[in-house]
Structures are given as structure tokens and as C-alpha cells.
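Subject: Handover of a structure and notes on its contents

Dear colleague,

Please find the structure below, followed by my notes on it. Kindly read them with the model open beside you.

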Amino acid sequence: MKEYYLSKALSILESRRGEAEILRGRREMEIADRIPEVMEIRRRLAMTSVELSKLILRGQADFEETLEKMRRENLALQQREKELLLKNGYPADYLELAYQCKLCHDTGYVKGTPCRCLDRLLSQLAAQDAKKESTLTLTDFSGFSLQYYPSQKDLRRNIVPREHMEELLRFCKNYAETFSVHAKGILMLGETGLGKTHLSLAIANRVMEREYTVLYDTVSVFMDRAEGERFGRLPDRDTLGRMMAADLLVLDDLGAEYASPFGTASLYRVIDTRLERKRPTLISTNLTVAQLQTRYENRLISRLFSLFTTLTFVGKDIRQMKA
Ligand SMILES: Nc1ncnc2c1ncn2[C@@H]1O[C@H](COP(=O)(O)OP(=O)(O)OP(=O)(O)O)[C@@H](O)[C@H]1O
Ligand SMILES: [Mg+2]
Ligand SMILES: [Zn+2]
């Protein structure tokens with residue numbers, strides 16, 4: 001998925017280099033005005049580099065000697081430039097190109113390997129797109145409160161909902177914090193309004209901050225989009241391919257989608273492919289286990305329950321409480 005953003009990222013870096021040069025040009029004009037001697041020094045420095053290349057081409061006998069002399073002059077000039085700048089209240093490197101990345105000078109590569117700043121840029125571009133594209137709005141863990149969950153024991157389940165949810169919250173935070181592309185998948189079960197989507201999106205948010213690529217939306221939106229692309233109703237943006245390739249895929253509200261043959265087949269294919277590639281998927285649903293079994297193939301259900309971590313949400317409808 002990152003390859004998709006490479007040309008965009010490289011052109012952003014190119015404009016950063018351009019900006020650095022524009023900034024230097026502006027500073028040179030300012031310094032030419034305030035400390036003309038500095039600009040004189042810079043002209044002489046530029047000239048020595050021309051002389052140097054002439055010298056190398058000519059290959060004179062006293063080459064070494066001349067070279068040494070030029071080097072000393074050069075160092076003295078540079079030293080003088082710095083002193084002048086400092087004396088006039090400017091930083092010594094005021095006229096150096098101000099690159100945003102000191103490692104790669106905004107080229108994106110260090111000795112042929114991608115720089116940290118290029119990786120960061122690629123994941124930022126992917127995250128921007130994912131946010132723009134999703135119909136869901138990201139949340140965070142800090143907006144998730146345990147006070148909505150009953151602190152009295154649920155006698156039927158024999159658990160204290162608040163304590164159970166506290167543990168579940170801890171699991172989700174830790175999952176996001178330690179996420180890697182080989183993390184296990186998560187299956188969130190529970191009735192409506194218990195915070196499944198909220199926590200899914202908090203995980204998505206944190207995992208994206210950690211520079212992984214994440215796609216998140218409802219199963220229904222994903223399937224409509226895939227179907228629209230497949231049958232030419234929507235421009236082809238390779239929704240299915242990107243769902244298979246993302247580091248983390250969040251499939252919200254499984255079971256609420258319209259069960260078209262193409263949509264269902266695509267859903268199986270995406271989940272299967274991700275399992276084969278050992279890429280984690282986070283699925284949430286308010287269907288019961290029995291309903292899931294009626295609605296989906298046995299093979300999918302057994303894989304979900306054996307290969308995913310199941311989190312069962314409990315409590316009372318928070319959507320209603322808040323309304
Ligand atoms: N623990 C919580 N603290 C604060 N707000 C919460 C909490 N849990 C849920 N909410 C809010 O309550 C509303 C419903 O929660 P959410 O959408 O996450 O439920 P859900 O379990 O996904 O429900 P559904 O099965 O209907 O999709 C949202 O506005 C959500 O932000
Ligand atoms: Mg939900
Ligand atoms: Zn860099």
C-alpha cells in the first residue's frame with residue numbers, strides 16, 4: 001500500500017527542498033544588505049571551488065601544495081563568515097540550506113535506503129486518505145469512560161461489568177500500543193451501544209499514529225464500495241486489494257450489511273487472504289454467536305473463534321444513556 005504513495009511523498013520532499021532554497025535566497029538578500037562582507041566571503045568561497053576543479057584538471061606539479069593552501073584559505077573564510085554572522089546576532093548556519101530532515105537533506109534516502117522521514121511521510125499520507133475515505137470518525141481511549149458500566153454484579157454472567165470492561169479496555173490499549181503486522185485478530189461481540197465501535201476506532205487511531213496503515217469502516221460501506229467498483233458504478237480504487245493489504249483492517253458492524261452474493265464472497269476472500277498473509281483484522285458485531293452461525297459459513301465462524309481474540313462487551317446501552 002505504501003508504494004501507492006511514493007511518488008506523492010517524493011514530490012512533497014522535492015517541494016521541501018525548493019522551500020529550503022527559497023528561504024536561503026531570501027536570507028542571502030537580507031545578509032547582503034546588512035553584512036555585505038559576508039556575501040563577499042561567499043563569492044570567494046564559490047570561486048575557490050571553481051579554481052579547485054581547474055586545478056584538478058590541469059594536474060600541475062605543485063598540486064598538493066596549492067591544494068593545501070586553498071584548503072587553509074577556505075577554512076579561514078568559513079570561520080570569518082561564521083564570526084560575522086554571530087557578531088551581528090545571526091546563527092552561524094543562517095545561510096546554510098535549512099532542510100527539514102538533517103539525515104537525508106529532504107531527499108528521502110540515505111545511502112540508497114529510505115530515510116525515517118520518508119517512511120513517516122508515507123504513513124501520514126496513507127492515514128490522511130484513510131480518514132478522508134472512512135464514514136466513521138476516529139475516537140481515542142481517553143474518551144472511553146468506565147463509569148457507564150454497572151458496578152453491581154451481573155448474576156446471570158457472574159461478573160461485575162465495570163471490572164470486566166476495565167480488563168477489556170486494558171487489553172485494547174495494550175493491543176494498540178504493542179501492535180505489529182503479525183498481531184492476532186480481534187472479534188468484538190456484544191449488544192448494541194456498549195462501546196465496540198468506540199474502542200475499535202481508538203485502536204485504529206493509535207495504530208495509525210504508530211505509522212501502520214489502517215483501513216476502517218463498516219462492513220456495509222466496504223461491501224457497497226467494492227460492489228460499486230466491481231460493476232462500474234464507482235471509479236475503481238482497488239478497495240478490496242487495499243483491504244487485503246492494510247496492516248490493520250477494522251470491519252465494523254459485521255452482520256448489518258446487505259447480504260449480496262458478491263459482497264459476501266468478497267468478505268470471505270478479504271478475511272481469508274488476510275489470514276493467509278497473517279495480517280490482523282478487527283471485527284465487531286452485535287450478532288450473537290448463534291446468529292453468526294446462521295448467517296455465515298461454518299468455516300469462517302470456526303476460524304474467527306479459533307484464530308481471533310474474542311472480547312465480549314457487557315453493560316447497558318450507552319448510546320441510550322447519553323441521549
Ligand atoms: N465507555 C464509553 N465511554 C464513553 N462513551 C462511550 C463508551 N462506550 C460507548 N460510548 C459512546 O456511546 C455511543 C455508542 O457506542 P458504540 O457505537 O461504540 O457502540 P457499539 O457497541 O459499537 O454499538 P452497535 O453494536 O450498535 O454498533 C457512541 O457515541 C460512543 O462514543
Ligand atoms: Mg458499532
Ligand atoms: Zn530524511
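Does His105 count as buried or as partly exposed, and how many C-beta neighbours does it have inside 10 Å? His105 counts as partly exposed because it has 17 C-beta neighbours inside 10 Å. A residue is called buried if 20 or more other C-beta atoms lie within 10 Å of its own, exposed if 12 or fewer do, and partly exposed in between, with the C-beta atoms placed from the backbone.

Before going further, please note that this is a predicted model, in which local features need pLDDT of at least 70 and side-chain atom pairs count only at pLDDT 80 or more, while totals for chains, interfaces and linings use all residues. Residues are numbered from 1 along each chain as its sequence is written, and chains are lettered from A and ligands numbered from 1 in the order in which they are written.

Domains

The domain assignment gives domain 1 (2–116) and domain 2 (134–322); such bounds come from an automatic or database assignment. The C-alpha centres of the two domains lie 52 Å apart.

Two residues with positive phi

His105 is found in the loop between helix H3 (63–87) and strand S1 (109–110). Helices (H or I, at least four residues) and strands (E, at least two) are DSSP runs, numbered from the N terminus. His105 is not a glycine, yet its phi is positive, at about 50°. Asp238 is also a residue other than glycine with a positive phi, near 55°. Its place is in the loop between helix H7 (219–230) and helix H8 (239–245). Asp238 is partly exposed, because 13 other C-beta atoms lie within 10 Å.

Two strands are said to pair if DSSP finds at least two bridges between them. Strand S4 (residues 214–218) and S5 run parallel and are joined by five bridges. Across this pairing, Thr218 stands opposite Asp252 in S5. Strand S5 (residues 248–252) is in turn joined to S6 by three bridges, again in parallel, and here Val250 stands opposite Leu282 in S6. S6 also runs parallel to S3, with four bridges between them; Met188 has Ser284 in S6 as its bridge partner.

How many of the five residues of strand S6 (residues 281–285) are buried? Five of the five are, and the strand is described as mostly covered. In a regular strand the side chains alternate between the two faces of the sheet. In S6, Thr281, Ile283 and Thr285 point one way, Leu282 and Ser284 point the other way, and all are buried. S4 is likewise mostly covered, with five of its five residues buried.

The nonpolar core

A nonpolar core is a set of buried Ala, Val, Leu, Ile, Met, Phe, Trp, Tyr and Cys residues joined through C-beta atoms within 7 Å. The largest such core has 52 residues, and those with the most contacts inside it are Ile203, Ala204, Val207, Val214, Met243, Leu248 and Val250. Two residues are in contact if their C-beta atoms, placed from the backbone, lie within 7 Å. Apart from neighbours within four places in sequence, Ala204 is in contact with Leu138, Val214, Tyr216, Leu248 and Val250.

Which residues come nearest to ligand 1? Of the 18 residues around it, they are Thr192, Gly195, Lys196, Thr197 and His198; a residue is near a molecule or strand if its C-beta atom, placed from the backbone, lies within 6 Å of it. Helix H6 (196–209) and helix H12 (318–322) each supply at least two residues of this shell. The shell divides into five nonpolar, nine polar and four charged residues. Here Ala, Val, Leu, Ile, Met, Phe, Trp, Tyr, Cys and Pro count as nonpolar, Asp, Glu, Lys and Arg as charged, and the others, Gly among them, as polar.

Leu194 and two further residues

Leu194 lies in the loop between strand S3 (185–189) and H6. Leu194 is buried because 25 other C-beta atoms lie within 10 Å. Leaving aside neighbours within four places in sequence, Leu194 is in contact with Phe313, Val314, Gly315 and Ile318.

Glu209 belongs to helix H6 and is partly exposed, because 14 other C-beta atoms lie within 10 Å. Phe63, in helix H3, counts as exposed because it has 12 C-beta neighbours inside 10 Å.

Yours sincerely
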